[in-house]
Amino acid sequence: MKKLQEVLKDWEAVIGLEVHTELTALDTKMFCNCRLSHDDAPNTNVCPVCLGMPGALPVPNKKAIESIVMAGLATNCEIQKHSMFYRKHYFYPDMAKNFQTTQGPVAFCMYGHLDLEVSGEGAKERPDGIVTGQDTVAAHDEPHPVTPERAADGSYTVPIRILRIHMEEDAAKMVHVGGEEGRITAATESLIDYNRCGTPLIELVTEPDLRTPEEARLFMEKLQQTFRTLGISDCSLENGSMRCDGNVSLRRRGTTKLGTKTELKNINSFKSLHDGLEYEICRQAEVLEEGGIVYQETRHWEPSRKHTIVMRVKETADDYRLFPDPDLAPFDLTDDFIERCRARIPELPDAKRDRYMQTYGLKRKDAAQIAGDPATAELFEKSVAAAGEKAAPTVANVVVNIVPSFKALTAAQVASVSKLLAADAITFAQAREVMEAVDGTDEDPEHVVDERGMRQATNTDDLAPIVDEVLARCTDQVQQYKDGNKKVVGFLVGQCMKAAKAAGAPGNPKLFNQLLTQRLEA
């Protein structure tokens, strides 16, 4: 089987995603007052409504409607004032009433987009200089742009259109005991927990605008960051509160006709999304180049074996016998309701990233990483408030590279360590040691530094005699430096640190480096 880069020279991958997100921030289910929790004993949070008992009438969760409108506004969607719920019929134990309550042709949110920035190694997946075909797929008939322009570093930005975000209820959780990788095949028994049944769920459907597995992965990451910032879901792929299906087909470069798509299931991590799509693209290319036929089917991604297998032939919309739910009245959202939802939207990750770069001078990568997680952004801003704006780049360095290794560091502790680093009082390695000592406590890192004698000299006058002594006895290394071996200064710094430690004096590798360079260049 060919590698991805080789395949994409001749074939264009056309990828669309269907992203299901549970609204875990809510207290109750979508159409009843049952407690929304998956940690309780199985089948304890159920009632006649979510079990579909005869005569039970559903009542929509207003907070869930607010959440989906916020999600739509945050993804540049048009909010549809008039919509309704439909019944999607299928027979399977995970939905006791044998139909799922979902939305029909008109969803609460339609025709949005997210701008996707692709850089680094991931940008190389999209072949450079090859123009892609234009697509006119969306109902609003806007053609997707051709290959985006690249920056000097190879990065590019591409808009990914969103067809719709609709509201529905989640199904029950099924556990297949004895099956391979949790599948029903070869299982000895299947268990059902209806606690999850009826959970408010929003499904976002993209247009087929994604062209590489990396673009799909980045889109999912950005969507997760956006929904977490809105506070509507924890968006955990591992726990299943955010799930993704990938639709992928191939067509020859320069053509516009869409190929036959397959749907990829069992995506529970960003890596699985990337790797599953990569395999499926290469598999389809092999089938087509050998004269075979790609069938429309649902395939299962097996991470351990790194391949996909057929689950079932894909159903069509007609198989579900969709019709308006007679128990639920149509929705008419007012302008006032939509504006109240808009007012609740906090600063989104892209805007926060740009503010961090402009206000604090952070590197784009660091600013994006911090802004992408609400808890990390809150810790960063509290730490900057305590340490001062001048220390913001150092705070960012600590938050990005040290904090993730520990469990319970406070903003005060991050600020204290950042100020010590900014003043060259400790090294980065020492900062990790200090953080390890104070993690989960309310102890001040500065106290630990002084207690352990870790504070480094910040006055060059205190270090100059040590530098002069080392240079006087390391004549060979001095000559090597003068002969052009600049790397030898690292050895000399080490000798200075050893001499300082032996004398019981505080050292400072950064200042030692500066002093040595000054002496050697004189």
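Here are some notes on the predicted model above.

1. Ground rules. Because the model is predicted, local features need pLDDT of at least 70 and side-chain atom pairs count only at pLDDT 80 or more, while totals for chains, interfaces and linings use all residues. Numbering runs from 1 along each chain as its sequence is written, and side-chain values use heavy atoms, with hydrogens and water left out.

2. Overall build. The protein chain has 16 helices and 16 strands, taken as DSSP runs numbered from the N terminus (H or I, at least four residues, for helices; E, at least two, for strands). Along the principal axes, its C-alpha atoms fill a box of roughly 90 × 55 × 50 Å.

3. Packing. Of the 522 residues in the protein chain, 50% are buried, meaning under 20% relative accessible area with a 1.4 Å probe, protein chains only. Take contacts (heavy atoms within 4.5 Å) between residues at least 6 apart in sequence: 71% join residues at least 24 apart.

4. Surface. I get about 24,900 Å² of accessible surface for the protein chain, 51% of it belonging to carbon and sulfur atoms; the areas are Shrake-Rupley values with a 1.4 Å probe.

5. Cysteines. Searching the whole structure turns up zero disulfides, with a disulfide taken as a pair of cysteine sulfur atoms within 2.5 Å. For C77, the nearest cysteine sulfur is that of C109, 5.3 Å away, and C77 counts as buried at 9% relative accessibility. C496 is buried too, at 0%, and its sulfur lies 8.0 Å from the closest cysteine sulfur, in C474, so that pair is too far apart for a bond.
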